[in-house]
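Please keep the sequence and the structure in view while reading.

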Amino acid sequence: MKTNIGLWIDQRKAVILLGTDEGATLETLYSHADKQPGRTEGHRSAAPFEPQLVQADDVRQRKFSAEMKQYHEEIQSMIGEARRLLIFGPGEAGKHLCTHLRSSLPSHCVIEVETADKMTDRQISDHVRQHFKKAAPIILSN
């Protein structure tokens with residue numbers, strides 16, 4: 001049973017440390033969402049009326065939002081039934097994921113969100129282990 005899960009996330013990649021009774025496994029999940037949807041490779045078009053050929057901002061934003069939702073759902077399926085979840089990473093990606101997960105995870109799941117810089121896989125593993133060593137034990141009341 002997965003009890004403690006650490007998750008480093010940004011908009012392009014999620015590194016998940018799944019802590020089970022048998023040990024810990026590290027899994028990586030990549031997002032297919034563009035960071036800033038825009039023109040291809042930043043080149044200007046030589047075609048006349050080029051602004052009419054570019055997708056509207058709201059279309060690009062809806063596409064980006066749908067890709068991020070799919071990314072969050074893939075992460076949610078990997079997390080499963082966690083009792084304690086540590087989400088950390090640069091920017092707002094952790095807060096957005098936390099908002100998405102609050103409605104779908106069981107109420108007894110403890111979610112903690114921290115801000116962290118870019119890390120290697122080893123640094124992520126060490127950070128999660130240290131965090132859960134310091135954390136208070138889980139007390140469940142049924």
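Which elements each supply at least two residues of the lining of the largest cavity? They are α3 (93-102) and β5 (110-115). Helices (H or I, at least four residues) and strands (E, at least two) are DSSP runs, numbered from the N terminus. The model is predicted, so local features need pLDDT of at least 70 and side-chain atom pairs count only at pLDDT 80 or more, while totals for chains, interfaces and linings use all residues. Residues are numbered from 1 along each chain as its sequence is written, and side-chain values use heavy atoms, with hydrogens and water left out.

Rolling a probe the size of a water molecule over the atoms shows where empty space is left. A cavity is a set of points, on a 1 Å grid over the protein atoms alone, where a 1.4 Å probe fits but cannot get out; lining residues have an atom within 4 Å of a point. Grid points are joined across faces, edges and corners, and a volume is the space filled by probe spheres set on the points. The structure has one cavity of 30 Å³ or more, and the largest cavity holds about 40 Å³ of space. Its lining consists of Gly89, Gly91, Gly94, Lys95, Val113, Glu114 and Thr115. With three residues, β5 gives the most to this lining. By residue class, the lining has one nonpolar, four polar and two charged members. In this division, Ala, Val, Leu, Ile, Met, Phe, Trp, Tyr, Cys and Pro count as nonpolar, Asp, Glu, Lys and Arg as charged, and the others, Gly among them, as polar.

Two of the lining residues, Lys95 and Glu114, can also be compared by position. Their C-alpha atoms are separated by 8.8 Å, although the residues are 19 apart along the chain. Lysine 95 belongs to helix α3.

The cavity can now be placed within the fold. The protein comprises four helices and five strands, which run β-β-β-α-α-β-α-β-α from the N terminus on. Of its 142 residues, 32% are buried, where buried means under 20% relative accessible area, exposed over 50%, and partly exposed in between (1.4 Å probe, protein chains only). Among contacts (heavy atoms within 4.5 Å) between residues at least 6 apart in sequence, 65% join residues at least 24 apart.

The buried interior includes nonpolar cores, each a set of buried Ala, Val, Leu, Ile, Met, Phe, Trp, Tyr and Cys residues joined through side-chain atoms within 4.5 Å. The largest has 24 residues, of which Ile9, Ile75, Leu85 and Ile87 touch the most other members. At least two residues of this core come from each of β1 (4-9), β2 (13-19), α2 (57-79), β4 (84-89) and α3. The largest share, six residues, is supplied by α2. Isoleucine 75, leaving aside its neighbours within four places in sequence, is in contact with Leu7, Ile9, Ala14, Ile16, Leu29 and Leu97. A second, separate core has nine residues, including Val15, Leu17, Leu86 and Val128.

Loops also contribute to the picture. In the loop between α3 and β5 lies leucine 105, which is buried at a relative accessible area of 11%. Beyond its neighbours within four places in sequence, leucine 105 is in contact with Gly80, Leu85 and Ile111. Glutamate 81, in the loop between α2 and β4, is exposed, with 51% relative accessibility.

Finally, the charged pairs may be considered. A salt bridge is a side-chain nitrogen of Lys or Arg within 4 Å of a carboxyl oxygen of Asp or Glu, and two are counted by this rule. In one of them, arginine 84 pairs with glutamate 112, the closest N and O atoms being 4.0 Å apart. This pair links distant parts of the chain, since arginine 84 is in strand β4 and glutamate 112 in strand β5, 28 residues apart. Arginine 84 is buried, with a relative accessible area of 10%, whereas glutamate 112 is partly exposed at 25%. Glutamate 92 forms a salt bridge with lysine 95, again with 4.0 Å between the closest N and O atoms. Glutamate 92 is partly exposed, at 46% relative accessible area, and lysine 95 is likewise partly exposed at 46%.

Key
1 Å grid on protein atoms, 1.4 Å probe; cavity = no way out; pocket = protein on both sides within 12 Å on 5 of 7 lines; lining within 4 Å.
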